[in-house]
Every structure is written in structure tokens, then in C-alpha cells.
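Please look at the chain shown below before reading on.

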Amino acid sequence: MKKKNLFGLTLEELETELSPLPKFRAKQIAAWIYQRGVTSFDEMNDLSKNLRGELAEKYFVQLPQLVKQLDSTDNLTTKFLLKFDDGATVETVLMRHDYGNSICISSQVGCAMGCKFCASTLKGLDRNLTAGEMLGEIIFVQNFLRVVNQKVDTLVIMGTGEPLVNFDNVIKMLRLLHKDYTLGLSYRKVTISTCGIVPAIRRLIDEQIPVTLSISLHAPTNKLRSEIMPINSAFNLKEVLKAGAEYAEVTGRRVTYEYILLGGVNDTEEHARQLAKILDGQLANVNLIPVNPVIERNFKPPTHNASQKFFHFLLTHGINVTIRKEMGADVNAACGQLRANS
Ligand code: SF4
């Protein structure tokens, strides 16, 4: 009989799987797996030796395997290349901020969205990650941090993939991560990033989980946005902004609009003016991200002067705006640089 991986199951799924064992056994095992980072039944010492043996005959507990780890020179960013059962690999990034440890996970192997500045989409989409695989990225980093008495404090789903295309698995993972038998992570500490899949933004509203929504805008006109983000031909700026406004209205949470600054492409004062105009009256933040180099892409970063002028224009026109402090660019762990290898 083929052994089954217990990692990624909810408590209810564990109870069913382990039936007719009493339900409290499932709870004990969940705590070992998700809270103590234990993957060997031998170490689960509140289970009898016989039970441990029986479990090991039918099951195993496996997280993604570490293939490669890269640390930035300032030691604030660590990028992990992780491998799943079928050999697929993704990158997961740990960022040590002064407000805590933030982890950026991937939601798909590759990406079909084709954004022109992004490395993750260069080979298209391979497959969705399961809820268990995404949780595996997080528990892997949690186990890594446990050694130094630290933990994962915030989560961003902004790595490789478009999370709202893998909607059901992402929601299942978030609900699992929120349970007190896993990390009990508050939804308020989670950010989901999307390139603007409008129907899925509405589904997210219906889920009633107060996560922060981050929408990649990257251009203030449909013409320019379509040139750098093919998804704009399916869901244009007006539709995306309307869905964002609905999200803010229903959840009461400010939406973050990401705007990657591409030197000479979308970084002039006229672009800033157009952006301020389309965001007028929105409960929103704008996060400016000077583009990070990707070998296969031709975009160049904005000049310091251009990004400062863009920032100040928005600021003085009533827009909440920040410029992202970029982390991990020296290990290709920054925005738009993630891929399936290092
Ligand atoms: S930016 Fe996000 S949605 Fe666009 S191609 Fe990259 S991973 Fe996909």
C-alpha cells in the first residue's frame, strides 16, 4: 500500500483519515506537525510506541525539501529554493524587518500572466500549488526560525504565481494557517497580491476574511498597462479599480496599489498626474517599486530623481504613497525576480 503524506491535512481531515482512532489523537499529531516542526512519528512521544509504529507503516509527514539557500549580504533576506514531491521547485523568501519576520510565498509553479517585467512568468505556468504545499513553505520557514527562537509574523502571497487564479487552494491554506492547531496567524497579518483578476477579487470579498489586498496597477492608462500586463485586456483599469473600491468599502481595509517604476516607461510627471487622477477618492495606498533587474528583461530602473519626483507628486496630490524599501535584490529575491531556480 502506498504511504500517504499527512502534512497539509486539516484537523477534520486528519480525524477522518485516522479513524477509528479517537479524535484527540488527530489533535496531538496536528500539534506535532504544525506547531513543533516534527516530521518523524518516533519523536511524537505522547503516542504509544505501538501507535507510532502503526502510523509509520501507513503514513509519513513531509515538508518541501530545501534545494538551495541564499542569504543577502546584509543578512536581512534569505531565499529558499524548495522542492515538492513531484520535483517541482519554487522560491520562498524570508525578510527580517524591524517589525518582525515576513515571509513571501509562491502560489503556483511558474505563472501564466506574462507581466513583461517579471522573471516568474518566463516559462509560463507549470501547475498550481496545493494548500498543503503552500502551508509547507510557511512551516518550513517557521521551523528554520524556531532554531533561533523566532517565528513567522506576517505573510505575503506575492511570490511566483497569481494567487487568485489558484483561489480555492489559497483560501484553504489561509483558513488552515489561521487555526489554533497550526500557527494561528491572524488574517490581518496576511497580504494577497493580484494582477487584477476581477471576479476573484469579488469572491475574496465574499470569503469575509480581513486580509490586505494588494493590486498590481503598474500603469495609469489602459494603453500602457496592456503593453506591460497582458491581463489588462481581460480586466481593464476601470474594472480593476471598481473591484478594488468595492473591496475597500466592504472590508473597510485600505487597498494597496503596487506601481513598479520602469525607467522611461511609466515614471514621468504626466504618469504621476494620471495615476493621482484615477485614484482620486479611493481608500488606497500606492506602493512605488523601482524595477529590479531581470536578465531576460530590458527594463531599466528609474533615476533616483524620477522616482523622488513621482513620489512627491502623488504625496502632494492627496495620495497615500510609499517607496518600497527593496530587500534581497543581491540574491534575486526581490519583487519580480523570483523563478523556479536560483
Ligand atoms: S508579476 Fe505576478 S502575476 Fe505578473 S507574471 Fe509575475 S508572478 Fe505572474
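## The two domains

The domain bounds used here come from an automatic or database domain assignment. In this predicted model, the protein chain is divided into domain 1, which runs over 4-60, and domain 2, which runs over 65-331. The centres of domain 1 and domain 2, taken over C-alpha atoms, are separated by 34 Å.

Where do the two domains meet, and how many residues are in contact? On one side there are 9 residues of domain 1, and these are in contact with 13 residues of domain 2. The side of domain 1 that touches domain 2 receives the most from helix 2 (residues 23-35), which gives 4 residues. Sorted by class, this side of domain 1 has 5 nonpolar, 3 polar and 1 charged residues.

## Helix 4 and helix 5

The axes of helix 4 (residues 131-146) and helix 5 (residues 167-178) come within 8 Å, and they cross at roughly 50°. Angles under 35 degrees count as roughly parallel and those from 65 to 115 as roughly perpendicular, and helix 4 and helix 5 are therefore oblique to each other. Their crossing is right-handed.

From helix 4, the residues Ala-131, Met-134, Leu-135 and Ile-138 meet Asn-169, Lys-172, Met-173, Leu-176 and Leu-177 in helix 5. The residues of this contact between helix 4 and helix 5 divide into 7 nonpolar, 1 polar and 1 charged.

## Helix 6 and helix 8

For helix 6 (residues 198-207) and helix 8 (residues 237-251), the axes come within 9 Å and cross at roughly 5°. That angle makes helix 6 roughly parallel to helix 8.

In helix 6, Val-198, Ile-201, Arg-202 and Ile-205 meet a set of residues in helix 8, namely Glu-239, Val-240, Ala-243, Glu-246, Tyr-247, Val-250 and Thr-251. By class, the residues of the contact of helix 6 with helix 8 divide into 7 nonpolar, 1 polar and 3 charged.

## Helix 9 and helix 10

The axes of helix 9 (residues 269-278) and helix 10 (residues 304-315) come within 9 Å and cross at roughly 30°, and helix 9 and helix 10 are therefore roughly parallel to each other. The crossing of helix 9 and helix 10 is right-handed.

Helix 9 makes this contact through Glu-269, Ala-272, Arg-273, Leu-275 and Ala-276, while helix 10 makes it through Lys-309, Phe-310, Phe-313 and Leu-314. The contact of helix 9 with helix 10 has 6 nonpolar and 3 charged residues, with no polar residues.

## Around the ligand

Which residues come nearest to the ligand? Of the 12 residues around the ligand, those that come nearest are Cys-111, Met-113, Cys-115, Cys-118 and Thr-121. The residues of the shell around the ligand divide into 5 nonpolar, 6 polar and 1 charged.

## Two points in the loops

Two places in the backbone deserve a separate look. Ser-19 and Pro-20 are joined by a cis peptide bond, for which omega is about 15°, and Pro-20 is found in the loop between helix 1 (11-18) and helix 2.

Asn-75 is found in the loop between strand 3 (65-71) and strand 4 (77-83). The phi angle of Asn-75 is near 65°, which is a positive value in a residue other than glycine.

Definitions and conventions
Residues are numbered from 1 along each chain as its sequence is written. This is a predicted model: local features need pLDDT of at least 70, side-chain atom pairs count only at pLDDT 80 or more; totals for chains, interfaces and linings use all residues. Axes are lines fitted to C-alpha atoms, for helices over the stretch in contact, and angles run from 0 to 180 degrees between N-to-C directions. Angles under 35 degrees count as roughly parallel, over 145 as roughly antiparallel, 65 to 115 as roughly perpendicular and the rest as oblique. A crossing is left-handed if the near helix is turned anticlockwise from the far one by less than a right angle, and right-handed if clockwise. Two residues are in contact if their C-beta atoms, placed from the backbone, lie within 7 Å. Ala, Val, Leu, Ile, Met, Phe, Trp, Tyr, Cys and Pro count as nonpolar, Asp, Glu, Lys and Arg as charged, and the others, Gly among them, as polar. A residue is near a molecule or strand if its C-beta atom, placed from the backbone, lies within 6 Å of it.
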